[in-house]
Amino acid sequence: IGVAVRKGLTVLPARYREVLRLRYFAKLSYEEIADTLGLSFMAVDALMRRAKGRLRETMEPILEREDLK
């Protein structure tokens, strides 16, 4: 599944990749991400929801192809 996540991340818009990277790889809180990017907490929350949804959509075909589902 790690391979699918990496592949899925490569096709996301840069802004989505950035918030996901800061949250899950840099382990920043939403507040810290907001400060880092100069955004409000609500903007980070919305970006995270969109980024996760888009990642889920992009991973489905990858997982099906690789028979990981």
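A nonpolar core here is a set of buried Ala, Val, Leu, Ile, Met, Phe, Trp, Tyr and Cys residues joined through side-chain atoms within 4.5 Å. "Buried" stands for under 20% relative accessible area, "exposed" for over 50%, and "partly exposed" for what lies in between (1.4 Å probe, protein chains only). The model is a predicted one, so local features need pLDDT of at least 70 and side-chain atom pairs count only at pLDDT 80 or more, while totals for chains, interfaces and linings use all residues. Residues are numbered from 1 along each chain as its sequence is written, and side-chain values use heavy atoms, with hydrogens and water left out.

Now for the overall layout. The protein chain has 4 helices and 0 strands, where helices (H or I, at least four residues) and strands (E, at least two) are DSSP runs numbered from the N terminus. Read from that end, the elements go α-α-α-α. The C-alpha trace spans about 40 × 20 × 15 Å along its principal axes. Of the 69 residues in the chain, 36% are buried. The accessible surface comes to about 4600 Å², a value from the Shrake-Rupley method with a 1.4 Å probe; for residues, only the protein chains shown count as cover. Carbon and sulfur atoms own 54% of that surface. As for contacts (heavy atoms within 4.5 Å), 56% of those between residues at least 6 apart in sequence join residues at least 24 apart.

Next comes the inside. In soluble globular proteins, nonpolar side chains tend to be buried together. The largest nonpolar core in this model holds 20 residues, and those touching the most other members are Leu12, Val19, Leu20, Ile33, Val44, Met48 and Leu55. Helix H1 (2-10), H2, helix H3 (30-37) and H4 each put in at least two residues. H4 gives the largest share of this core, with 8 residues.

Threonine 58 has its place in helix H4 (residues 41-65) and counts as buried because its relative accessible area is 17%. Apart from neighbours within four places in sequence, threonine 58 is in contact with Gly8 and Val11. Its side chain also reaches the backbone oxygen of leucine 55 at 2.9 Å. Between the C-alpha atoms of alanine 46 and glutamate 57, which are 11 residues apart along the chain, the separation is 17 Å.

Then there are the charged pairs. The whole structure has 2 salt bridges, a salt bridge being a side-chain nitrogen of Lys or Arg within 4 Å of a carboxyl oxygen of Asp or Glu. One of them joins the side chains of arginine 15 and glutamate 18 (3.6 Å, N to O). Arginine 15 and glutamate 18 are separated by about one helical turn, because they are 3 residues apart in helix H2 (residues 14-25). Arginine 15 is partly exposed at 35% relative accessibility, and glutamate 18 is partly exposed at 25%. In the other bridge, the side chains of aspartate 45 and arginine 49 meet at 3.2 Å, N to O. Both of these residues lie in helix H4, 4 residues apart, about one turn of the helix. Arginine 49 is exposed, with a relative accessible area of 53%.

Finally, a loop residue. Lysine 27 is found between H2 and H3. Although lysine 27 is not a glycine, it has a positive phi of about 60°. With a relative accessibility of 64%, lysine 27 counts as exposed.

Terms used. A polar contact is a pair of N or O atoms within 3.5 Å; within protein, one must be able to donate a hydrogen and the other to accept it, and residues adjacent in sequence count only if both atoms are side-chain atoms.
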